Amino acid sequence: MAKQYETVIGLEVHVELATKTKIFCGCSTAFGGAPNTHTCPVCTGMPGSLPVLNKQVLEYAIAVGLATDCEITRYGKFDRKNYFYPDNPQNYQISQLYLPICRNGGVEIETEEGGKKIVGIHEIHMEEDAGKLVHDEWEDCSLVDYNRSGVPLIEIVSEPDMRSAEEVIAYLEKLRLIIQYLGASDCKLQEGSMRADVNLSVREVGAEEFGTRTEMKNLNSFKAIARAIEGERERQIDLIEEGKAVVQETRRWDDTKGESYAMRSKEDAQDYRYFPDPDLVPIIVSDEMLDEIRAKQPEFRTEKMARYKEEYDIPDYDIDIITGAKHMADLFEATVAICNQPKKVSNWLMGETMRLMKEKEVDVEDLRFSPENLAKLITLVDSKAINSSVAKEVFEVMFEEDIDPEKYVEEKGLKTVNDEGALRKTIEEVIAGNPQSVDDYHNGKEKAIGFLVGQTMKAMKGKADPGMVNQILKELL
Amino acid sequence: MANIISDETIEYVGILAKLELSDAEKEQAKKDMGRMLDYIDKLGELDTDGVEPMSHVFPVQNVFREDMVTNSDTREQLLSNAPEQKDGMFVVPKTFD
Ligand SMILES: [Zn+2]
């Protein structure tokens, strides 16, 4: 019988924090600046410059630690990780090795079998991001942009507690949701504000010892992570079955090819010679500081779910979907605050919004329409100024460019015709033009009226209230 | 001298520090490092049971800055230190990830 293998996975997740400035200097973290325009002597590693910790970075790191059941380190410091690479202007990265800010936490995930499981968090530490290397296509050189150098990151190191790609994704989704609710990061994998490195080994089912693990990098979507896990599991099992050894190394995943290759090891890169950074003084986290951060913790998903039930009286199914993404919940609450129609807002978000997001491959964070405009659209339908199919058309335009639906409806002449005389005239024409359907209706075929309503709507270019059309039709027939 | 630094060690330390040393310099560096380690051994003779490791000599802690942008674009000034620049960036030898 073939041997049964178990996959053992741990993750190192880097999250870019949503601060306005870098971790150790007052340079902006905004995206899209011209190269090196968000730099200063500190983040370009000029001799004699001195780093000073951004308080918001510490607060976000602690907030994430509290939300993931970690112990917060009361006496912490920073260490230097030494290596030479042009994206690292100081020749060391400021990180935390000896006393990371958070330790021994965990998050609960749901397993495939429907059970619950805790994925342990070994530690969370604060560190700085590196610059960006651009390869010059024309000359034999590389160019460095230090705008990202010094952007604050937290690295969340899990325990090797996951056993499948599904568990890894459940863990990442949970982590992302917690961090987004905290407002500590937008956690976009595609844009790199959340990056996951996968540590994976295999062992025979029932074995006590872990196998040799490899680290997989360059995974920028959940799909890529799932494929990389499957690919690496198979590669390691093949090696073992052939009697070869798995080499502990860092591998780069090529998602288009669906395979990984060992990264050229930077010369002796494993020896980072960490030591305490003398430029950054120790961090003492007091009870008061912790209380303050705790008091500022936002409402998390479970609390939000309970409140929605109480306050908005919408179905559990709706609540589950809306609170599944922080941005969706924010949009919902802001729109309801304006129009006070929770169920209708929920219908728009769960129906048309989700449909268009899927069709146009738009992430929830990138939704463009404002709560104000969605509320206006709902009011337009409520007041019967437009009918629901016109509303859907208008919404599709709003989805693309957040137009003001009131103005749009006015400009495009989409308002429902409430002139009964005109409607009556059109219906009379429709009746005269479709004697067969009229006969069918009189012979008891109730459905025939649907056809006549459709013909009327068509003649009115969709700008009639279907209820009113129905009523007049029945009367005239 | 109690600590003898091997040729392999000095070679390895040289690689880590990106230093190319002549044979004469290597011999001198071996001696210097040996003496430093002897001194560390001497410190090791002290009884430090129950003494917390110290990383900073000044009694200062919790120095923070508020999250406010205080720096503006000083690219020109910074790049003026670079041996070579192009398109607003620092030119370095070709490097692959
Ligand atoms: Zn800076």
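1. How many bridges join β8(A) to strand β11 (residues 152-158) of chain A, and do the two run parallel or antiparallel? There are 7 bridges between β8(A) and β11(A), and the two strands run antiparallel; at one position along this pairing, Glu127(A) stands opposite Leu153(A) in β11(A). Two strands are said to pair here if DSSP finds at least two bridges between them, and the strands (E, at least two residues) and helices (H or I, at least four residues) are DSSP runs, numbered from the N terminus.

2. On conventions, the model is predicted, with local features needing pLDDT of at least 70 and side-chain atom pairs counting only at pLDDT 80 or more, whereas totals for chains, interfaces and linings use all residues. Residues are numbered from 1 along each chain as its sequence is written, chains are lettered from A and ligands numbered from 1 in the order in which they are written, and side-chain values use heavy atoms, with hydrogens and water left out.

3. The domain assignment of chain A, whose bounds come from an automatic or database assignment, gives domain 1 (5-288), domain 2 (299-412) and domain 3 (420-476). Taken over C-alpha atoms, the centres of domain 1 and domain 3 of chain A are separated by 64 Å.

4. The strands of the opening point belong to an open sheet of 9 strands in chain A, in the order β3-β7-β8-β11-β1-β12-β13-β14-β15, with mixed pairing. The edges are taken by β3 (71-72) and β15 (259-262) of chain A, each of which has a single partner strand, so one side of each is left without a neighbour in the sheet.

5. Helix α1 (residues 55-67) of chain A lies across β3, β7, β8 and β11 of chain A, running at about 170° to β8(A); the angle is taken between N-to-C directions on a scale from 0 to 180 degrees, with axes fitted as lines to C-alpha atoms, for helices over the stretch in contact.

6. Chain A also has an open sheet of 3 strands, in the order β6-β5-β16 and with antiparallel pairing, whose edge strands β6 (92-95) and β16 (275-276) each pair on one side only. Strand β5 (residues 79-82) of chain A is joined to β6(A) by 4 bridges, and Asn82(A) stands opposite Tyr92(A) in β6(A).

7. The zinc ion has as its protein donors the SG atoms of Cys25(A), Cys27(A), Cys40(A) and Cys43(A), lying 2.3 to 2.4 Å from it. Donors are N, O and S atoms within 2.8 Å of the metal (3.2 Å for Na, K and Ca), and water is not among the atoms, so sites may look incomplete. The 4 donor atoms subtend angles of 100 to 114° around the zinc ion, which makes the arrangement tetrahedral, a label given to four donors if all angles lie between 85 and 135 degrees. In sequence the donor residues are spaced C-x1-C-x12-C-x2-C. Both Cys27(A) and Cys43(A) are buried, where buried means under 20% relative accessible area, exposed over 50% and partly exposed in between (1.4 Å probe, protein chains only).

8. Gly33(A) lies in the loop between β1 and β2 of chain A and counts as partly exposed because its relative accessibility is 27%. Not counting residues up to four places away in sequence, Gly33(A) touches His38(A) and Asn147(A), contact meaning heavy atoms within 4.5 Å.

9. Val430(A), in helix α12 (residues 420-433) of chain A, counts as buried at 8% relative accessibility. Leaving aside neighbours within four places in sequence, Val430(A) is in contact with Leu452(A), Gln455(A) and Thr456(A).

10. Asp313(A) has a phi near 50°, a positive value in a residue other than glycine, and counts as exposed at 67% relative accessibility. Lys18(B), likewise not a glycine, has a positive phi of about 55° and is found in the loop between α1 (7-16) and α2 (23-44) of chain B. Most residues other than glycine have a negative phi.

Definitions and conventions. Tetrahedral: all angles 85-135°; square planar, octahedral: opposite > 155°, others 65-115°.
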